[in-house]
Amino acid sequence: MSYIDGFVIAVPTANKQKFVDHAASGDAFFMELGATRVLECWADDVPDGTLTDFRKAVQAKDDETAVFSWIEWPDKATRDAAFAKMMDGSDPRMDPEKNPMPFDGKRMIYGGFKPVVELGGKG
């Protein structure tokens, strides 16, 4: 069964290209370690909610854009092995000194999810 890691972050709008470059580097790492798909999605039609919304969830400021991302893995074991490799410090793409995040990582929301409904196919 596939496994999904999901993320919501607030990126300074002026840092869009820095974010794209940062994500491309890190996402390549995940693909090398077995991810089947990675998407980084820049907010386009994200309405303000009454109680909560994507922007409120990450305390986005007026000059920030919400980003919704996910990584698809073939299974949780592959994901866990990849995250162990990510945390061991051996790859410079995961070193915040060499590849700093162009956003405030403290406001990132993330988690792992087991799919319960999946429609459509690959390709």
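**Figure 1. Gln59, an exposed residue in a loop.** In this predicted model, Gln59 is exposed, with a relative accessible area of 55% (exposed means over 50%, buried under 20% and partly exposed in between, with a 1.4 Å probe and protein chains only). The residue is found in the loop between helix H2 and strand E3 (helices, H or I, have at least four residues and strands, E, at least two; both are DSSP runs numbered from the N terminus). Gln59 is not a glycine, yet its phi is positive, at about 55 degrees. Residues are numbered from 1 along each chain as its sequence is written, and side-chain values use heavy atoms, without hydrogens or water. Because the model is predicted, local features need pLDDT of at least 70 and side-chain atom pairs count only at pLDDT 80 or more, while totals for chains, interfaces and linings use all residues.

**Figure 2. The protein chain as a whole.** The secondary structure of the protein chain comes to 3 helices and 4 strands, and these follow the pattern β-α-β-α-β-α-β when read along the sequence. The C-alpha trace spans about 40 × 40 × 25 Å along its principal axes. Of the 123 residues in the protein chain, 35% are buried.

**Figure 3. Asp5, a buried residue in strand E1.** Asp5 has its place in strand E1, which covers residues 3-12. With a relative accessible area of 2%, Asp5 is buried. The side chain of Asp5 makes a polar contact with the side chain of Arg79, at 2.9 Å (a pair of N or O atoms within 3.5 Å; within protein, one must be able to donate a hydrogen and the other to accept it, and residues adjacent in sequence count only if both atoms are side-chain atoms). Leaving aside neighbours within four places in sequence, Asp5 is in contact with Ser69, Trp70, Ile71, Trp73, Arg79, Phe83, Gly111 and Gly112.

**Figure 4. Arg37 and Glu72, a salt bridge between two strands.** The closest N and O atoms of the salt bridge between Arg37 and Glu72 are 3.4 Å apart (a side-chain nitrogen of Lys or Arg lies within 4 Å of a carboxyl oxygen of Asp or Glu). This pair links distant parts of the chain: Arg37 is in strand E2 (residues 37-42) and Glu72 in strand E3 (residues 64-73), 35 residues apart. Arg37 counts as partly exposed at 41% relative accessibility, whereas Glu72 counts as buried at 13%. By the same rule, the count comes to 7 salt bridges.

Figure 5. Lys76 forms a salt bridge with Asp80, and their closest N and O atoms are 3.1 Å apart. These two residues are separated by about one helical turn because they are 4 residues apart in helix H3 (residues 76-87). Lys76 is partly exposed, with a relative accessible area of 35%, and Asp80 is partly exposed at 33%. Another salt bridge pairs Asp104 with Arg107, with 3.1 Å between the closest N and O atoms. Asp104 counts as partly exposed at 29% relative accessibility, while Arg107 counts as buried at 12%. Through salt bridges that share partners, Asp5, Lys76, Arg79 and Asp80 are joined into one network.

**Figure 6. Met31 in helix H1.** Met31 lies in helix H1, formed by residues 16-32. This residue counts as partly exposed, at 40% relative accessibility. Not counting residues up to four places away in sequence, Met31 touches Thr36, Arg37 and Val38.

**Figure 7. A nonpolar patch on the surface.** Val46, Phe54 and Phe68 form this patch, with about 230 Å² of accessible area together (patch residues have over 30% relative accessible area and no salt bridge; like charges are joined within 9 Å, and nonpolar side chains, namely Val, Leu, Ile, Met, Phe, Trp and Tyr, within 5 Å). Val46 is found in the loop between strand E2 and helix H2 (54-57). With a relative accessible area of 30%, Val46 is partly exposed.

Terms used. Contact = heavy atoms within 4.5 Å. Areas by Shrake-Rupley, 256 points an atom, 1.4 Å probe, with all protein chains shown as cover.
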